[in-house]
Amino acid sequence: MFSRYKKSEGAPATAPKTSAPAVATAPTAQITSLRKPAQAAPASAHPVDKERKRKERIGEIKIELHRALLDNLNLAALDTAAEADLRAEISSIAGELLQEKGIVLNREDRAQLTQELYDEVKGLGPLETLLKDDTISDILVNGPHQIFIERNGKLVVSDVTFKDEKHLMRIIDKIVSAVGRRVDESNPYVDARLADGSRFNAMVPPIAIDGSLVSIRKFKKDKLGIDDLVRFGAFSEEMAAYLQAAVATRLNIIVSGGTGSGKTTTLNALSSFIDNAERILTIEDTAELQLQQLHVGRMETRPPNVEGKGEVTPRDCIKNALRMRPDRIIVGETRGEEVIDMLQAMNTGHDGSMTTIHANNSRDAISRLENMVAMAGLEMPLKAVRNQIASAVNVIVQASRLQDGSRRMTSITEITGMEGEVISMQEVFRFQRVGLTSDNKIIGHFTATGVRSNFSERFRLWGFDLPASIYEPVAAE
Ligand SMILES: Nc1ncnc2c1ncn2[C@@H]1O[C@H](COP(=O)(O)OP(=O)(O)OP(=O)(O)O)[C@@H](O)[C@H]1O
Ligand SMILES: [Mg+2]
């Protein structure tokens, strides 16, 4: 067969492990200083309704205990308290309160209660368990009483909730104030990055009508690599071989796709084909890429602060990056005026650059680029804009999230030049859908379209002599 991964040296390096815990732990603090000087706990010993389900019961106790805890703990000492001390103190205060109320819990319930109280006091409350669960990829909060989570490509409602909007707002505040931002009625939406690298966005009332909306894209410590994606059926071996050649021979590549379709994951996987000797600069709004190469400079844009100052846009970063002697520039997402600098970079010797764009297919990706150039206020005739796009972009990879939740590379298209006023393209690979199973799983296969790559000669000259057979269409099984 063909020689896939021909140029890769040695074993693929593993992604850098960033194990920043979501909850910061700080050493040293006197346990005694955690408790406020003697203050009677608000005692209201209702007998607990024995018939209530265990979970509801714990939930209620927790709310009450939480309030009591806040009254009893010296909040000023919290930040410096050692984790073990704080846990012990929470457990002891909880124990006292439970006893006072005559509530008996088994060991397991008690451990869970202490954990939840700890998360509440020190971490992100109900979100904490979801953030710790590695099988969850997205967390979507629609007001205090509904949290959706995505597991294995499927969105399901979680049984975790907030007590009320005030509780939810308190957690949002905690997150955004940690990164020096503010969110309130006059400033109702915010982007932030959690301590563990997860991407966070919140929008609060009155813009969010039914309670605050929060979306979290969990940071995946071990990003899916090319082999994983092939194994999961995101694309075929042949497509992987083609993409390896495309990246290694420095074609400019755009990964196009809808929200959550796997654009960043694909971009990250493609980057593994870049040679270790190259200097790569990455520019992102929230650093998600995990490049495995030696020589990588990472940049993150910055929104304006509360006074509206200090903004650093993707455009600022790209312009500056061009002065930093890059071999390649990778832009996490192109969505605005930075498109001009991106195209220019691709056209002026920084070939091999890559970015993602929000679009439904490759034609759409091109129109989006045109629109972005127009919106940037560049007075350029359409034909000239198209010319620039056609010479800058070589390959468009389309990522899609299909209706069964699976993520696939549904098309690989090459830009071949201009025909009159129109950019000409040719699709080289695609995902051919053929039907649905009874449980609504999509049936289909990857196939070449039968067109030989426009870059096959370039691939050959660079040492990636792909066999002609990979361009042959695959018949349905
Ligand atoms: N082929 C795949 N198989 C399984 N999971 C995948 C696949 N591709 C991506 N994912 C997962 O889907 C989620 C979304 O992926 P990713 O962040 O790459 O999407 P995106 O298109 O960049 O999203 P956004 O538009 O929000 O930036 C991640 O949790 C990722 O790990
Ligand atoms: Mg992304």
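## A hairpin, a helix residue and a ligand shell

Strands E12 and E13 make a hairpin with five residues between them, and in the turn Gly405 has a positive phi of about 90 degrees. Strands here (E, at least two residues) and helices (H or I, at least four) are DSSP runs, numbered from the N terminus. This is a predicted model, in which local features need pLDDT of at least 70, side-chain atom pairs count only at pLDDT 80 or more, and totals for chains, interfaces and linings use all residues. Residues are numbered from 1 along each chain as its sequence is written, while chains are lettered from A and ligands numbered from 1 in the order in which they are written.

**The whole chain**

- You'll find 14 helices and 15 strands in the chain.
- Of its 477 residues, 35% are buried; that means 20 or more other C-beta atoms lie within 10 Å of the residue's own, with 12 or fewer counting as exposed, anything in between as partly exposed, and C-beta atoms placed from the backbone.
- Take the contacts between residues at least 6 apart in sequence: 59% of them join residues at least 24 apart. Being in contact is about C-beta atoms, placed from the backbone, lying within 7 Å.

**Strand E12 and its partners**

- E12 covers residues 395–401, and six of its seven residues are buried.
- With E7 (residues 253–257), E12 pairs in the parallel sense over five bridges; to count as a pair, two strands need at least two bridges found by DSSP.
- Ile253 has Val395 in E12 as its bridge partner.
- With E13 (residues 407–419), E12 pairs in the antiparallel sense over seven bridges.
- Arg401 sits opposite Arg407 in E13.

**Ala94 in helix H3**

- Helix H3 spans residues 83–100, and Ala94 is part of it.
- Why does Ala94 count as buried? Because 23 other C-beta atoms lie within 10 Å.
- Setting aside neighbours within four places in sequence, Ala94 is in contact with Leu65, Leu113, Thr114 and Leu117.
- Thr114 is 20 residues from Ala94 in sequence, and their C-alpha atoms are 7.4 Å apart in space.

**Around ligand 1**

- There are 17 residues around ligand 1, and those that come nearest are Ser137, Ala234, Gly262, Thr264 and Thr265. Near means that a residue's C-beta atom, placed from the backbone, lies within 6 Å.
- Helix H9 (residues 263–271) gives the most to this shell, with three residues.

Conventions: Contact = placed C-beta atoms within 7 Å.
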